[in-house]
Amino acid sequence: LLGEQDREGVLKALFDPDEGAKLNICRAPIGASDYAVSRYTLNETAGDYEMKDFSIERDRERLIPYIKAAMEIRPDLKVWGSAWTPPTWMKTSGGFDGGSMKDEPDIYRAYALYLARFTEEYRAEGIDLFAVAVQNEPGIERNYPTCLWEPEQYKTFIKEYMGPIFEEKGLDAQIMLGTFEDGDFGRFPALLGDPDVNKYISIVGFQWGGLG
């Protein structure tokens, strides 16, 4: 681990608006990413459809302090959230790595509540969470936190669950269609042709070779 002086130097090199790289938009993982030191989500209580056991305590250990330290240097820092995996009980595999999102109404509703709670809790921490992505790279399955989605699942989830629940809760965080890589490019963005999906989408996110 870096000492305090070195940590401050890294943060300034990344975020300082005068002398650093001037970064002002960052992504925060919702639960574990492929770089996390351990596997976790924000609610591993199976069947907790109402998100009673949802918690960001794990994020308060390292992630949130890092974001707040960056905000001290860059007060206008904007953050968007992205899940690498839903809670394991929402997946066909029952594990963090790989598997597919279950195609079940109760699961979709619970996951929409999960993303809404993440938005509410991070904003309560004073973090400017301006957007949320449903899933990081929904077309790949790897030996790190991942989850496969079909485009039809995305369509159902956004227009029948996530969009309406965000509206119901008065959350103005933008919904991101993405983030997508190579194999997703031709399958998912076509969902914008559905007006009931399009009305909830503000951003489309591509990464890696997604524009090729």
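**Close-up views of a predicted model**

Threonine 179 sits in strand β4, residues 174–180. The model is predicted: local features need pLDDT of at least 70, side-chain atom pairs count only at pLDDT 80 or more, and totals for chains, interfaces and linings use all residues. Residues are numbered from 1 along each chain as its sequence is written, and side-chain values use heavy atoms, without hydrogens and water. Helices (H or I, at least four residues) and strands (E, at least two) are DSSP runs, numbered from the N terminus.

**View 1. A cis peptide bond joins glycine 178 and threonine 179.** Omega is about 0°. Most peptide bonds are trans.

**View 2. Lysine 22 and methionine 51 each have a positive phi without being glycine.** For lysine 22, phi is about 65°. Lysine 22 lies in the loop between α1 (4–15) and β1 (25–29). Methionine 51 has a phi of about 60°, and its loop runs between β1 and α2 (57–61). Buried means under 20% relative accessible area, exposed over 50%, partly exposed in between (1.4 Å probe, protein chains only). Lysine 22 is partly exposed at 46%; methionine 51 is buried at 1%.

**View 3. The whole structure holds 16 aromatic pairs.** The tyrosine 111 and tyrosine 114 rings are stacked, with centres 5.7 Å apart and planes at 25°. Rings of Phe, Tyr and Trp (its six-membered ring) pair if their centres lie within 6.5 Å; planes under 30 degrees apart count as stacked, over 60 as edge-to-face and the rest as tilted. Tyrosine 111 is buried at 0% relative accessibility.
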